Amino acid sequence: MKAAVFHKVGDISVDNVADPKIEHPEDIILKITTTAICGSDLHIYDGFVPQLRDEVLGHEFMGIVEEVGPQVTRVKKGDRVVVPFTIACGRCFFCQQGYHPNCMNSNPEHYGPDGDLLKNKGGGMFGYTDLYGGYNGGQAEYVRVPYANAGPKIIPDGLDDEQVVFLTDIFPTGWSAVKWGKVKHGDTVVIFGSGPVGLMAQKAAWLHGAKRVIAVDPLEYRLQKARTVNNVETINADDDDLIEKIRSMTDGRGADVAIDAVGMEASRTFLEKAKAVINAEKGTSKVLEMCAEAVRRSGTIAVVGVYASPYDNFPIHRIFDKGLIMQFGQAQTHVYIDQCFEMVRSGKVVLDDIITHRLPLSKASEAYDMFKHKTDDCVKVILKPELDR
Ligand SMILES: NC(=O)c1ccc[n+]([C@@H]2O[C@H](COP(=O)([O-])OP(=O)(O)OC[C@H]3O[C@@H](n4cnc5c(N)ncnc54)[C@H](O)[C@@H]3O)[C@@H](O)[C@H]2O)c1
Ligand SMILES: [Zn+2]
Ligand SMILES: [Zn+2]
């Protein structure tokens, strides 16, 4: 089959690789109909999350069940399903409590309690390096999906792929951020990052009753997208008065909730890059620090942007003095996928308005380059193997 294979930093090509096979009685093989590129893929592409051998990338996908293992009861051949991006057994200590990204069984080689840099990681993820289980991903014609009784969600006819494919990751991720931020009726929510995840968090914030939603990003075209599809207020991240503007919109207090939908690969000055080298940091924690400034006292910060190292000079004093509540991590997709699906099915939210590019799988390399460099006003790329057939 054809698949987008990561070789080394900045080098992804569409190659012929072996077809996936059932390896465990709870596996299914999925024929991919739609897959997407995520900001999280860029962390591998850019070398922030290391991968030393070739791997098929892609953790956002949906498709048709092609083959089922003997213990699969939840789906059958021919079902159309969306698959959560984290791989989880559904029955361990953490899965039972809804913390599927911390599944104790899906990443046997590298799992551990520490959450450290190169060992002791959480549960597995599709196409997300050996540290996260070494599973091949779904930017491919076919993919093996483990624990098929726990993850895949059947999608009824009548909803097309583009309407539902973002249930695989980014809509439940935006939804998790809003849940973790405890957004309630009448809140002002500031969301850093207006990429695909930020846009989904904006949608989720409205659905939870926010009074004002403020998007922050250095890229004007992404702020324009946010205004057009989500009717939010926007402030450019490079505005020197950013924090003052947010405070002046909230009686001087700051936002009730701040969401970090950027993570470590935030835009940086030369000095910020030098600091990262000196302190052996991966990227920067500047957006998280901005969240701590932009949020009001006793407010809440939710962090879905990815961080992968310790960071020096982190403003723990401010977080203490202001009495902030913070929650971080991979999204609880397994927990929220049904609620998120219901929002789409009932027409309360539209997700496909963020798609800017629809390409055949064979164009994955060009698509990565465009998404990384933010050219051609790219916001979200979906790849379709069938466009090659
Ligand atoms: N926690 C999870 O489960 C989960 C799931 C999906 C994605 N993610 C993470 O979410 C983050 C965003 O993903 P994405 O797909 O939207 O990626 P993206 O790269 O398309 O979007 C990031 C956005 O942040 C903006 N940005 C850069 N510097 C900024 C700054 N200083 N202030 C405000 N905005 C800034 C960029 O211009 C860009 O629009 C990534 O770190 C990704 O790994 C996490
Ligand atoms: Zn993703
Ligand atoms: Zn588990």
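Colleague: What is the strand order in the open sheet of 6 strands, and is its pairing parallel or antiparallel?

Modeller: General idea to begin with: strands of a sheet pair through backbone hydrogen bonds, and they do so either parallel or antiparallel. Bear in mind that this is a predicted model. Here the 6 strands are ordered 13-12-11-14-15-16, and the pairing is parallel. Strand 13 (233-236) and strand 16 (325-328) sit at the edges with a single partner strand each, so one side of each has no neighbour in the sheet. On average, neighbouring strands are turned by 20° against each other, ignoring direction.

Colleague: How many bridges join strand 11 to strand 12?

Modeller: There are 5 bridges between strand 11 (residues 188-192) and strand 12 (residues 212-217), running parallel.

Colleague: On to the metals. Which protein donors hold the zinc ion (ligand 3)?

Modeller: The donors of the zinc ion (ligand 3) are the SG atoms of Cys-89, Cys-92, Cys-95 and Cys-103, 2.3 to 2.4 Å from it. Angles among the 4 donor atoms run from 103 to 117°, and the site is tetrahedral. In sequence the spacing reads C-x2-C-x2-C-x7-C.

Colleague: Why is the arrangement around the zinc ion (ligand 2) irregular?

Modeller: Its 4 donor atoms subtend angles of 90 to 138°, which makes the arrangement irregular. The donors are Cys-38 (SG), His-59 (NE2), Glu-60 (OE) and Asp-169 (OD), at 1.9 to 2.3 Å. Cys-38 lies in the loop between strand 3 (28-36) and helix 1 (39-45), and Glu-60 in strand 5 (residues 60-68), so this pair ties together parts 22 residues apart in sequence.

Colleague: Last one: at what angle do helix 4 and helix 11 pack?

Modeller: Helix 4 (residues 170-180) and helix 11 (residues 333-345) pack at about 105°, with axes 9 Å apart. They are therefore roughly perpendicular. Among the residues that meet are Trp-175 in helix 4 and Tyr-336 in helix 11. The contact residues divide into 6 nonpolar, 3 polar and 1 charged.

Note on methods: Residues numbered from 1 in each chain as written. Chains lettered and ligands numbered in written order. Predicted model: local features only at pLDDT ≥ 70, side-chain atom pairs only at ≥ 80, totals over all residues. Heavy atoms only, no water. Axes fitted to C-alpha atoms, helices over the stretch in contact; angles between N-to-C directions. Helix = DSSP H or I, 4+ residues; strand = E, 2+ residues; numbered from the N terminus. Parallel < 35°, antiparallel > 145°, perpendicular 65-115°, else oblique. Contact = heavy atoms within 4.5 Å. Nonpolar A, V, L, I, M, F, W, Y, C, P; charged D, E, K, R; others polar. Donors = N, O, S within 2.8 Å, 3.2 Å for Na, K, Ca; no water. Tetrahedral: all angles 85-135°; square planar, octahedral: opposite > 155°, others 65-115°. Pairing = 2+ DSSP bridges.
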